[in-house]
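Reader: I have a model to go through. Please show me how to read its features.

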Amino acid sequence: MEFLNGLVFLTNFVIVPALAYGAQLAIGALGVTLVYAILRFSNFAHGDTMAFGTAVTIKVTAVLVAMGVTLGPLPTALLAMPVGILATGLLVLGTDWLIYKFYRQQKAKPVILVIVSLGVMFVMNGLTRVFIGVRDIQFADGARFLMTVRQFKDWTGLDEGLAIKTTQAITLVTAAITVAALFWFLNKTRTGKSMRAFSDNEDLALLSGIDPDRVVRVTWLIVAALATIAGVLYGLDKSFKAFTYFQLLLPIFAAAIVGGIGNPVGAIAGGFLIAFAEVTVTYPLKKVLTYWLPDGMGPDGLVQLLSGDYKFAVSFMILLIVLLFKPTGLFKGQNI
């Protein structure tokens, strides 16, 4: 019984939050991976693309709620998210047309595009802040919990309870659908196969009659959709603040690089690896060990390796270790 109580406590405060956070990072890392594999540069504006898509979704959600349009127990943001995806798609297509296209035509080196994306990042960050402000916004309506602690305790008779937030369940389901749809698109559709061919060998793809401009447009639209979905899911699960999405850029890039940048499967694996590492290292495990260790051997301290304030430092340390010992990542990169 003590072991089960410890396991439930660990699941409630570590495993379930890490699964939801990992799914959010994985979707975000997929966007970074697609840009790197197809457009050949690391897009540092991805975090603020997520923020912009989420900001638009929040505004549309507020309008829908004011009109009395909701999804009942589900967050109304799910109804508003397609508008956020559309607006973000227009933004990234406009950014590509105004900025990135010029450098592609000049055959600029990838490092130049990385620097350009830094400038785009600051502009997008400012645009999002002007659009929605800098405050912390909670926009998750509907039922808060899929299962409460009290319900779990009554059902199992255990001392510890397990609560599943509606947003956590929605995150996992939406992530599974999104990843399945992306892999189906890349492997089964003609456009997806064109994108993969363009990624493998750009010159050969051009000789085969593939339209590079169309590949670029479709890539940006998919990236906009992935960024908005990841941003909205993160905001629903936690909260929205524009600067937080700027900070998310580090764990998202760490997930993409650890998994093997350019490889979608690696992005997913890296997202969950980074999430579990961050949550486990920064959560105090004293109570779990008290349940699991023999009587009298429980730890006196919190058994917290790092404070929660250093959460993003964990992803940075993992990134450094991977770059030092396995720079290609867990999976070989650039293989969509």
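Author: We take the pocket, then a helix, then the core. This is a predicted model: local features need pLDDT of at least 70, side-chain atom pairs count only at pLDDT 80 or more, and totals for chains, interfaces and linings use all residues. Residues are numbered from 1 along each chain as its sequence is written, and side-chain values use heavy atoms, without hydrogens and water.

Reader: What volume has the largest pocket?

Author: A pocket is an open set of points on a 1 Å grid over the protein atoms alone, where a 1.4 Å probe fits, with protein on both sides within 12 Å along at least five of seven lines; lining residues have an atom within 4 Å of a point. Points are joined across faces, edges and corners, and the volume is the space filled by probe spheres set on them. Here the largest pocket has about 460 Å³. It has 18 lining residues; Arg 104, Gln 105, Lys 107, Phe 198 and Glu 202 are the closest to its centre.

Reader: Which helix gives the most to that lining?

Author: Helices are DSSP runs (H or I, at least four residues), numbered from the N terminus. Helix 3 leads, with four residues.

Reader: Which residues touch the most other members of the largest nonpolar core?

Author: Such a core joins buried Ala, Val, Leu, Ile, Met, Phe, Trp, Tyr and Cys residues through side-chain atoms within 4.5 Å. Of its 93 residues here, they are Tyr 21, Leu 34, Ile 38, Phe 41, Trp 220, Phe 240 and Leu 248. Helix 1 gives this core the most, 17 residues.

Definitions and conventions: Helices (H or I, at least four residues) and strands (E, at least two) are DSSP runs, numbered from the N terminus. Buried means under 20% relative accessible area, exposed over 50%, partly exposed in between (1.4 Å probe, protein chains only).
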